[in-house]
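The following briefing is intended for a reader who is new to this structure. Please consult the sequence and the three-dimensional view while reading the grouped points below.

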Amino acid sequence: MKLKLASLLVSSVVLVACSKDVVNTPVAAIPDCVFADGSNQAAPDWVCGAPVEGVALSAVGYSEKSAANQLYEANGGDSGKS
């Protein structure tokens with residue numbers, strides 16, 4: 001009888017010692033619109049194709065950075081000259 005009581009007591013102590021409260025860590029809010037470069041930084045809604053007030057038709061594109069793109073921007077972009 002004493003052995004059963006002792007084993008029951010030990011079992012309940014082990015179960016109580018192994019259980020612990022679940023701590024819910026807050027999860028960072030995921031923005032609805034992020035930049036396409038993989039940074040997961042929040043972007044304005046127009047980047048994701050949302051309509052822009054006062055503009056009848058708009059489109060958003062994306063391209064990887066390249067040396068040609070940097071030269072294009074350094075020269076003032078598309079000046080219409082060939």
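C33 is a buried residue in this predicted model, since its relative accessible area of 4% falls under the 20% limit for that class. Its disulfide partner is C48, which counts as partly exposed at 47% relative accessibility.

**The disulfide**

- A search covering the whole structure finds one disulfide.
- The bond runs between C33 and C48, with an S to S distance of 1.8 Å.
- This link is right-handed, with 95 degrees about the S-S bond.
- Both C33 and C48 lie in the loop between α1 and α2, so the pair ties together parts that are 15 residues apart in sequence.
- For C48, the value of 47% lies between the limits of 20% and 50%, and therefore the residue is neither buried nor exposed.

**The chain as a whole**

- The chain contains two helices and zero strands.
- The helices are α1, spanning 2–18, and α2, spanning 67–74.
- The chain has 82 residues, of which 2% count as buried.
- Its accessible surface amounts to about 8000 Å².
- Carbon and sulfur atoms account for 61% of that surface.

**The largest pocket**

- The volume of the largest pocket is about 190 Å³.
- Its lining is formed by V34, F35, A36, D37, W46, V47, V60, G61 and Y62.
- Sorted by class, this lining comprises seven nonpolar residues, one polar residue and one charged residue.

**V47 and its surroundings**

- When neighbours within four places in sequence are left aside, V47 is in contact with C33, F35 and V60.
- V47 and Y62 are 15 residues apart in sequence, and their C-alpha atoms are 9.5 Å apart in space.

**Exposed residues of the loop**

- N40 lies in the loop between α1 and α2.
- The phi angle of N40 is near 60 degrees, which is a positive value in a residue other than glycine.
- N40 has a relative accessible area of 57%, and it is therefore classed as exposed, the limit being over 50%.
- K65 also lies in the loop between α1 and α2.
- With a relative accessibility of 76%, K65 counts as exposed.
- K65 and D37 are 28 residues apart along the chain, and 9.8 Å separates their C-alpha atoms.

Key:
Residues numbered from 1 in each chain as written. Predicted model: local features only at pLDDT ≥ 70, side-chain atom pairs only at ≥ 80, totals over all residues. Heavy atoms only, no water. 1 Å grid on protein atoms, 1.4 Å probe; cavity = no way out; pocket = protein on both sides within 12 Å on 5 of 7 lines; lining within 4 Å. Points joined across faces, edges and corners; volume = space filled by probe spheres on them. Nonpolar A, V, L, I, M, F, W, Y, C, P; charged D, E, K, R; others polar. Helix = DSSP H or I, 4+ residues; strand = E, 2+ residues; numbered from the N terminus. Contact = heavy atoms within 4.5 Å. Disulfide = S-S within 2.5 Å. Buried < 20%, exposed > 50% of the residue type's maximum accessible area, 1.4 Å probe, protein only. Areas by Shrake-Rupley, 256 points an atom, 1.4 Å probe, with all protein chains shown as cover.
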